[in-house]
Amino acid sequence: MDYKRVLTVQDISCLGQCSLTVALPILSAAGHETVILPSAVLSTHTGGFTGYTFRDLTEDLPKISAHWQKEGIRFQAIYTGYLGSAEQIAIVQEISKRCAAEGCRTIVDPAMADNGKLYPDFDMAFVEQMKRLTCQADVILPNITEACMLTGMPYKEQYDEAYIRKLLDLLRTAGARTIVLTGVSFSADTTGVVVLEGDDFRYYSHKRYARGCHGTGDVYASAFVGALLQGKSTYDAARIAADYTLRCIEVTIPDPDHWYGVKFEPVLGEYIRMLETN
Ligand code: PXL
């Protein structure tokens, strides 16, 4: 089996089943050596908790990468998620240049917004910097809100295929290469993901549950990267990640107290089997 070393840069939300606490186990389950670069440490994520702590690790990032460079460490893939500040995005761009192995794939989840709104603590300066990161990436995984922020398109809750195609066109014009647009729903009981690779536009749709779950974007992106680095096509990786994320939601829904994340752990075995059989 091809054993890849992937670097993932995101925060550690100590509790919350998102960012690194999700990316590390999922990428490991997919069989990849997973190197982490924590952008910040928070007591919890920012979605629904109040009074969380936030330790910004911006200062540490260049020192950590300088050490890696000295050791000659290189990555076959670099996957970024939630980043703590616009300054961090610029540092990550630098690290990507310095620590990429030949043929390194860069995957950016511009984790900054959902349901029409930026996450707390983000502003338009952050969005501007994120635009730069996304146009350098091989693959980006925005949701519709993030795609709107990156392109200036007005956010809509109800839309048709023409709206989605326009959003993809604008992302392309801005410099995006392969786009995996998540949370695309054309009917009340289905949702799915659009993959645009070259001129190839494909839509994978599946069942939609009324209850939205926190952290599904991070589970999705991590499962996608895990599958992609196993050599799956972009579309197959997008489909496997969707099927796995759906299973995570299904096992979480019966427990209304578990509002802050999805129970991705009990179905990790299913993810591994999806990777083996798909
Ligand atoms: O799931 C994205 C995410 C990651 N990290 C932190 C967050 C969020 C979303 O709210 O707050 C700290």
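Predicted model: local features only at pLDDT ≥ 70, side-chain atom pairs only at ≥ 80, totals over all residues.
Searching the whole structure turns up 13 aromatic pairs.

**Phe 122 and Phe 126**
- The angle is what decides the label here, because planes under 30 degrees apart count as stacked.
- Phe 122 has a relative accessibility of 11%, so this residue counts as buried.
- Phe 126 is buried too, with 2% relative accessible area.

**Tyr 159 and Tyr 163**
- How are the rings of Tyr 159 and Tyr 163 arranged? Their planes lie at 20 degrees and their centres are 5.6 Å apart, so this pair is stacked.
- Tyr 159 comes out at 16% relative accessibility and therefore counts as buried, the cut-off being under 20%.
- For Tyr 163 the relative accessible area is 7%, so this tyrosine is buried.

**Arginines over rings**
- Which ring lies under the charged end of Arg 165? It is the ring of Phe 201, with the charged end 3.8 Å from the ring centre.
- Arg 202 places its charged end over the ring of Tyr 235, at 3.7 Å from the centre of that ring.

How values were computed:
Residues numbered from 1 in each chain as written. Heavy atoms only, no water. Phe/Tyr/Trp six-rings, centres within 6.5 Å; stacked < 30°, edge-to-face > 60°. Buried < 20%, exposed > 50% of the residue type's maximum accessible area, 1.4 Å probe, protein only. Lys NZ or Arg CZ within 6 Å of the ring centre and 35° of its normal.
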